[in-house]
Amino acid sequence: MKKVFMAAGLILSLAACTQTEKGATIGAVSGGIIGGAITDDVGGAAVGAVVGGVAGALIGRANEPGRCIYRDRYGRRYTARC
């Protein structure tokens with residue numbers, strides 16, 4: 001039952017977030033679970049949560065509505081409003 005309340009709290013907390021915040025939250029939670037499961041240690045879970053949070057934030061930021069990815073004439077990619 002405790003897991004159900006935790007999952008419901010996570011889903012409800014994501015309802016009003018931006019894509020970047022949603023990506024960071026989902027990445028941190030899943031990274032913490034995977035890191036803890038692999039290492040069977042709190043330190044592994046913490047590292048997994050940090051890495052997952054950063055990766056999720058970057059992925060979420062790239063998928064923001066109203067944001068597009070462009071390339072300049074040198075081939076560098078950047079994100080700006082559409």
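Which residues in α2 meet which residues in α3? In this predicted model, the α2 side of the contact consists of Q19, T20, G23, A24, G27, A28, G31, G32, G35, G36 and T39. Their counterparts in α3 are G44, A45, G48, A49, G52, G53, G56, A57, G60 and R61.

**How α2 and α3 pack**
- The axes of the two helices, α2 and α3, come within 6 Å and cross at roughly 150 degrees.
- Because angles over 145 degrees count as roughly antiparallel, α2 is roughly antiparallel to α3.
- The crossing of α2 with α3 is right-handed.

**The loop between the helices**
- D40 sits in the loop between α2 (19-39) and α3 (42-62).
- If you like to check backbone torsions, look at D40: its phi is near 55 degrees, a positive value in a residue other than glycine.
- Is D40 buried or exposed? D40 is exposed, since its relative accessible area is 71% and the cut-off for exposed is over 50%.

- Strand β1 covers residues 67-71 and strand β2 covers residues 77-81; they pair in the antiparallel sense, with five bridges.

Technical notes
Residues are numbered from 1 along each chain as its sequence is written. This is a predicted model: local features need pLDDT of at least 70, side-chain atom pairs count only at pLDDT 80 or more; totals for chains, interfaces and linings use all residues. Side-chain values use heavy atoms; hydrogens and water are left out. Two strands pair if DSSP finds at least two bridges between them. Helices (H or I, at least four residues) and strands (E, at least two) are DSSP runs, numbered from the N terminus. Buried means under 20% relative accessible area, exposed over 50%, partly exposed in between (1.4 Å probe, protein chains only). Axes are lines fitted to C-alpha atoms, for helices over the stretch in contact, and angles run from 0 to 180 degrees between N-to-C directions. Angles under 35 degrees count as roughly parallel, over 145 as roughly antiparallel, 65 to 115 as roughly perpendicular and the rest as oblique. A crossing is left-handed if the near helix is turned anticlockwise from the far one by less than a right angle, and right-handed if clockwise. Contact means heavy atoms within 4.5 Å.
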